[in-house]
There are 2 protein chains.
Amino acid sequence: MPISPNTDDLALQTQSKLGDLLAAMESGTFKQVQKMLNGLQPAAIAHLLDSSPPQRRIILWRLVDKELEGEVLQELSHDVQAQILARMESSEVAAITEDLSADDVADILQHLPDQVIQEVLAAMSHQNRQRVESVLSYDEDTAGGLMDTDVITVRPDLTLDVVLRYLRRHESLPDSTYSLMVVNRRDIFLGILPLTRLLTSDPNMTVREVMDTNVVVLHPDMKDSDVASLFERNDWVMAPVIEENGRLLGRVTIDDVVDVIREDADHSLMSLAGLEDDADTFASVTRASPRRAIWLGINLLTAIIASSVINLFQDTIDKVVALAVLMPIVASMGGVAGSQTLTVVIRGMALGHIGRNNLTWLLSREFQVGAINGLLWAVVMGIIAAVWFEDITIAWIIAAAMVINLIFAALAGALLPIVLKGLRIDPALAGGVALTTVTDVVGFFAFLGLATYFYT
Amino acid sequence: MPISPNTDDLALQTQSKLGDLLAAMESGTFKQVQKMLNGLQPAAIAHLLDSSPPQRRIILWRLVDKELEGEVLQELSHDVQAQILARMESSEVAAITEDLSADDVADILQHLPDQVIQEVLAAMSHQNRQRVESVLSYDEDTAGGLMDTDVITVRPDLTLDVVLRYLRRHESLPDSTYSLMVVNRRDIFLGILPLTRLLTSDPNMTVREVMDTNVVVLHPDMKDSDVASLFERNDWVMAPVIEENGRLLGRVTIDDVVDVIREDADHSLMSLAGLEDDADTFASVTRASPRRAIWLGINLLTAIIASSVINLFQDTIDKVVALAVLMPIVASMGGVAGSQTLTVVIRGMALGHIGRNNLTWLLSREFQVGAINGLLWAVVMGIIAAVWFEDITIAWIIAAAMVINLIFAALAGALLPIVLKGLRIDPALAGGVALTTVTDVVGFFAFLGLATYFYT
């Protein structure tokens with residue numbers, strides 16, 4: 001019978017499975033917990049582990065069947081995977097990764113210390129070791145690091161009938177085989193033979209006659225985010241990886257690319273808050289604090305810079321204390337307007353939309369949006385300030401300061417990510433902090449500067 | 001010859017293609033521009049259009065060959081697609097979507113007014129209309145809305161040999177056919193027959209003997225984000241969609257799921273800045289301003305709330321003007337600490353990690369991280385304040401206020417998204433604003449309140 005997942009929220013489902021497991025754990029029937037856990041798909045077990053605080057995670061992991069461990073491990077998020085691997089002997093790692101494909105094993109090993117990698121490799125069979133080593137020789141963030149070397153190749157001069165008989169001699173084909181690779185006797189890549197075409201063509205024709213040669217290939221040193229863009233734009237499920245000289249090395253498949261897409265998309269979100277992309281949701285206090293503390297420290301520095309601007313105007317504030325009440329509004333509006341522009345630009349850059357050709361247009365648009373929205377809310381805020389403090393001068397001052405700050409915010413939001421990228425600093429990581437510094441300093445300076453001019 | 005993309009940055013490549021096109025456009029050789037443009041893959045043309053400001057986009061679109069228009073249209077981002085469709089007659093829409101699969105046509109039509117949808121459907125062939133209508137009858141954000149109805153089905157009692165001969169009678173198989181669907185004579189779904197298994201099994205066996213019945217199926221009303229989680233976790237490339245009664249409706253394929261994954265991931269990032277997920281990077285001023293203006297208005301309201309807290313303490317500030325200098329620091333540190341927690345929780349919820357079972361653990365962790373980091377930077381800031389203003393009292397006050405605000409920030413960052421979700425308000429959209437309101441109000445109140453107590 002086909003299995004039908006509940007149509008309810010999947011997250012709720014994980015949570016209710018977790019609830020059942022916890023209830024069973026508390027009532028002490030470990031045998032039952034074990035049975036429930038190992039009855040799930042490896043991906044579901046991995047999701048349960050990802051959704052558990054550290055101690056519960058260790059208990060659950062101990063209950064996973066030996067033969068499922070490799071598959072579960074591979075499905076875990078990187079951070080959680082690393083924590084579990086850190087507690088294992090190299091021989092154990094070698095044993096549980098035995099049945100995984102080379103790219104998945106390499107993916108797991110990449111997060112271990114060199115010493116352990118060598119021990120794990122030494123404990124592997126010769127053939128497996130060679131395959132894993134070939135993937136490990138490429139950087140993790142490249143097509144080579146994503147690649148699977150387990151491919152079925154055929155020669156161009158065979159007839160399809162021979163190919164069909166050759167395939168039938170296999171017990172099964174490697175996972176994610178949607179096409180066969182066509183190579184000559186020196187392993188030079190010539191084209192692909194999609195299984196659908198093999199099945200619909202006349203068996204007396206040769207591979208050469210039906211193969212698809214109009215294929216975009218990847219080089220092993222291509223960046224994984226570029227690989228992901230190509231897959232996403234062209235709706236691919238597989239792409240061959242070849243060396244400079246045309247020799248076939250392996251293939252990249254969509255299941256690994258989906259992970260790259262998810263990680264890349266996560267990156268902007270997490271970096272803007274100064275967090276690591278692949279952070280464990282349930283990282284312990286000692287693991288979560290340091291990175292966040294550094295980020296708070298950097299923010300403290302920029303906040304002090306903004307405060308020293310206010311410090312310049314102590315005399316003015318002393319005279320008109322209402323300024324202290326209103327000044328955070330100017331800074332806050334600038335911060336929000338700037339972060340809108342910043343987010344649009346960072347996303348546009350990640351999608352490859354923004355370059356030299358359209359930068360002027362973008363800056364002019366942001367300038368106009370900043371000016372229009374600045375004017376709109378400056379008028380509103382001016383009226384509010386006039387009524388609140390019964391003072392027309394303060395109304396004009398805050399309105400003018402808001403227009404100035406919103407225009408600066410728009411330009412800074414658009415230019416900062418481009419400048420930071422030019423300096424090879426990650427705009428998603430540094431952009432937010434740099435932006436708030438600009439909008440705070442400009443906001444306080446414009447507001448208090450104008451006030452000093454008009455009140456003294 | 002296999003085509004090899006440049007190993008340089010892909011974004012740069014689009015930008016340089018765009019540069020070449022613009023140069024050609026300026027030198028007036030439209031024929032050449034047209035040739036360059038239409039020599040590209042439809043996805044690459046779509047990317048160029050996505051990367052162009054409105055006016056240039058209209059010119060480029062006019063230069064696209066008629067027979068490529070449908071494919072290019074389908075690859076465009078939704079917002080840009082809608083802009084182009086708005087300028088077309090319904091007969092044109094019907095003509096250019098003729099060769100697309102039902103799910104892609106439905107995807108395009110969903111963004112049009114009802115009147116136009118009816119006209120486009122009326123202009124279609126009977127068979128196409130039926131297919132598109134069946135997809136359109138489901139909500140866009142469900143498995144039914146993602147589904148493609150063009151599937152190859154086989155009966156369980158056939159031998160594989162018969163299946164192979166049946167397939168060979170096809171000119172070609174539908175795009176993304178990796179498995180055949182096995183159904184009985186009432187179209188009830190029984191299992192799938194992967195092409196790889198068809199190719200490796202004995203041709204004399206029956207479909208029933210080799211088919212895979214251990215298949216997770218989707219219901220048409222399942223949420224698209226849940227469909228995406230299932231594909232992502234289980235490394236699927238295809239899943240069947242069946243009715244409650246077991247009848248096969250169609251299938252969802254990975255190419256459409258990748259778009260959902262990208263959009264879901266974009267959603268948190270864009271919403272946190274009050275922007276639309278699928279916004280056009282090059283939206284015109286009149287399109288970009290209103291949404292952002294609303295967001296700025298909401299922020300103005302919350303900033304005024306924070307300011308009215310300061311207003312309560314005018315007398316204290318009047319006495320010690322240094323308070324005005326330091327108070328933004330307390331608010332800013334709370335905002336950053338809170339947004340770190342908020343981001344971790346929003347992402348954890350999106351990944352389905354967080355539920356009732358681990359909420360207490362999470363709150364306790366965030367409380368501890370907030371307290372530790374609060375204490376750390378409170379000490380640092382206290383020393384700085386003592387030296388800066390030569391005042392020990394103000395040092396104690398700012399240190400205490402920072403610890404209080406960072407603990408509140410951590411708890412608010414963790415609880416707000418969960419409370420908002422319970423109220424069916426999107427946490428990614430409302431979380432950031434709600435959080436800053438809390439951290440500003442608590443920050444100003446704690447700092448100025450303590451100051452009032454100690455200085456008056």
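Here are some worked exercises on a predicted model of two protein chains.

Residues are numbered from 1 along each chain as its sequence is written, and chains are lettered from A and ligands numbered from 1 in the order in which they are written. Local features need pLDDT of at least 70, side-chain atom pairs count only at pLDDT 80 or more, totals for chains, interfaces and linings use all residues, and side-chain values use heavy atoms, with hydrogens and water left out.

**Exercise 1. Describe the overall build of chain A: is it compact or spread out?**

Step 1. Start with the secondary structure: chain A holds 22 helices and five strands. Here helices (H or I, at least four residues) and strands (E, at least two) are DSSP runs, numbered from the N terminus.

Step 2. For the 456 residues of chain A the rule gives 23 Å, but the value is 29 Å, well over it, so the chain is more spread out than a compact globule.

Step 3. Now look at cover. Buried residues (under 20% relative accessible area, with exposed over 50% and partly exposed in between; 1.4 Å probe, protein chains only) account for 59% of the 456 residues in chain A.

Step 4. Finish with contacts, meaning heavy atoms within 4.5 Å. Of those in chain A between residues at least 6 apart in sequence, 65% join residues at least 24 apart.

**Exercise 2. Work out how chain B is related to chain A.**

Step 1. Superpose the copies by least squares on the C-alpha atoms of residues with pLDDT of at least 70 in both. A 180 degrees rotation, with 0.0 Å of shift along its axis, places chain B on chain A at an RMSD of 0.1 Å.

Step 2. The two copies are thus related as by a two-fold rotation axis.

Step 3. Both copies use the same surface, as 100% of the contact residues of chain B recur in chain A.

**Exercise 3. Which residues do A:Arg292 and B:Ile310 touch?**

Step 1. A:Arg292 sits in helix H17 (residues 285-312) of chain A. With a relative accessible area of 5%, A:Arg292 is buried.

Step 2. Leaving out residues up to four places away in sequence, A:Arg292 touches A:Leu275, B:Gln340, B:Thr341, B:Val344, B:Arg365, B:Glu366, B:Val369 and B:Asn373.

Step 3. B:Ile310 belongs to helix H17 (residues 285-312) of chain B, and at 0% relative accessibility B:Ile310 is buried.

Step 4. Beyond its neighbours within four places in sequence, B:Ile310 contacts A:Ala324, A:Val325, A:Pro328, B:Ile317, B:Met327, B:Phe444 and B:Leu448.

**Exercise 4. Is helix H19 of chain B mostly covered or uncovered?**

Step 1. H19(B) spans residues 322-350, 29 residues in total, and runs 43 Å from its first C-alpha to its last, close to the expected 42 Å. The expected span is 1.5 Å times one less than the number of residues.

Step 2. H19(B) is mostly covered, with 26 of its 29 residues buried.

Step 3. Just after H19(B), B:Gly352 has a positive phi of about 75 degrees.

**Exercise 5. Where does A:Glu390 lie, and what is its phi?**

Step 1. A:Glu390 lies in the loop between helix H20 (356-389) and helix H21 (392-422) of chain A. At 75% relative accessibility, A:Glu390 is exposed.

Step 2. Most residues other than glycine have a negative phi. A:Glu390, although not a glycine, has a positive phi of about 45 degrees.

Definitions and conventions
Rg over C-alpha atoms; globule rule 2.2 N^0.38 Å.
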